[in-house]
Structures are given as structure tokens and as C-alpha cells.
Amino acid sequence: MFDTIVIATDGSASVRRAIRVAVDLAERFDADVHALYVVDAGDVETAPERLRDEMREALHERSEEALADVQSETTRDVTVAVREGRPAAEIANYAREIDTDLVAMGTRGRHGENRFLIGSVAERVVRTCPVPVLTVRQLENGSADTLLEG
């Protein structure tokens, strides 16, 4: 059913549960795993000009940590990718490019409580992505709970 799963990560605590669920699905379906981090061009562009290069570099460093988090959750090979642009658009574009079967992501990211409903990036991905999107919410208490039984 799933041959390729993309895990969209921003390195936030709320994506950790989504990583675990997506990795569990990948193992159950023997699917290839891709981990994608998008450097938000908006964050870079809104920084003062003299700080943009440092901001971009810091976000790329954060991407390495976020992608390593995905890799640490599985013994499967993980294809990693870093893109720069608008996160929702880049996630949808990546899904098209690699012809994935599923995109998995958390419902709250770095911007946390400032976002309504499921989070602005997750909401846009759900609306624009050409493949199914699995959104995984962080539990109220942050516990791991039992993921997929059976």
C-alpha cells in the first residue's frame, strides 16, 4: 500500500510522534523513508539583511539535527533532503518529484500555539499535496503513547 513515505520535519518536539508513527508504517509496509526539512525562506527574508547569511546557516544546521532525529528512530535507510522556500509548497513539490505515497508530519511546528487548527503549514500541505497526508498531533502531556496496535 505504501512504497515510499516522506516525513516532513522541522525539528520541533511536536514532530517526534509523527516520526515514530511514520517509521512504524514504513516498517509494516517495507516502505522507503525520506526525511525532508525545509529552510523557511520567509524566516530568512524577514531577518535584517546583515544577519540573513547567519540565519540561513543556523537553519541549515538545525536541518542536520532534525534529519538525524528521523534517522535515529529507525534502522532503515533514510533518504534525507533539505530544501529552501515556502515549507508547504516545498513539501508538496518534493512529494511530486519522488512520487511518494504518503507524507507524514506533525500538526504543530516551530510556531506552536500561534497557529490555529492543525497548524498553518500542515493545513496548507493537506490542501495542496497531491498524495495523502498523515497529520499526527502531539499528545496533550507530550507522552509517547502506544502507536499503532496490531
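Student: What should I know about the model before starting?

Tutor: It is predicted, so to speak, with rules attached: local features need pLDDT of at least 70, side-chain atom pairs count only at pLDDT 80 or more, and totals for chains, interfaces and linings use all residues. Residues are numbered from 1 along each chain as its sequence is written, and side-chain values use heavy atoms, leaving out hydrogens and water.

Student: What is the strand order of the open sheet, and is the pairing parallel or antiparallel?

Tutor: Strands of a sheet pair through backbone hydrogen bonds, in either of those two ways. Here 5 strands follow the order β3-β2-β1-β4-β5, with parallel pairing. Strands are DSSP E runs of at least two residues, helices H or I runs of at least four, both numbered from the N terminus; two strands pair if DSSP finds at least two bridges between them.

Student: Which strands stand at the edges?

Tutor: β3 (78-85) and β5 (133-136) do; each has a single partner strand, so one side of each lacks a neighbour in the sheet. Strand β4 (residues 102-106) is joined to β5 by 4 bridges, and V103 stands opposite V133 in β5.

Student: Which residues have the most contacts inside the largest nonpolar core?

Tutor: In soluble globular proteins, nonpolar side chains tend to be buried together. A nonpolar core joins buried (under 20% relative accessible area, 1.4 Å probe, protein chains only) Ala, Val, Leu, Ile, Met, Phe, Trp, Tyr and Cys residues through side-chain atoms within 4.5 Å. The largest has 25 residues, with I5, I7, I19, Y37 and V70 having the most contacts inside it. Helix α1 gives the most, 7 residues.

How values were computed
Buried < 20%, exposed > 50% of the residue type's maximum accessible area, 1.4 Å probe, protein only.
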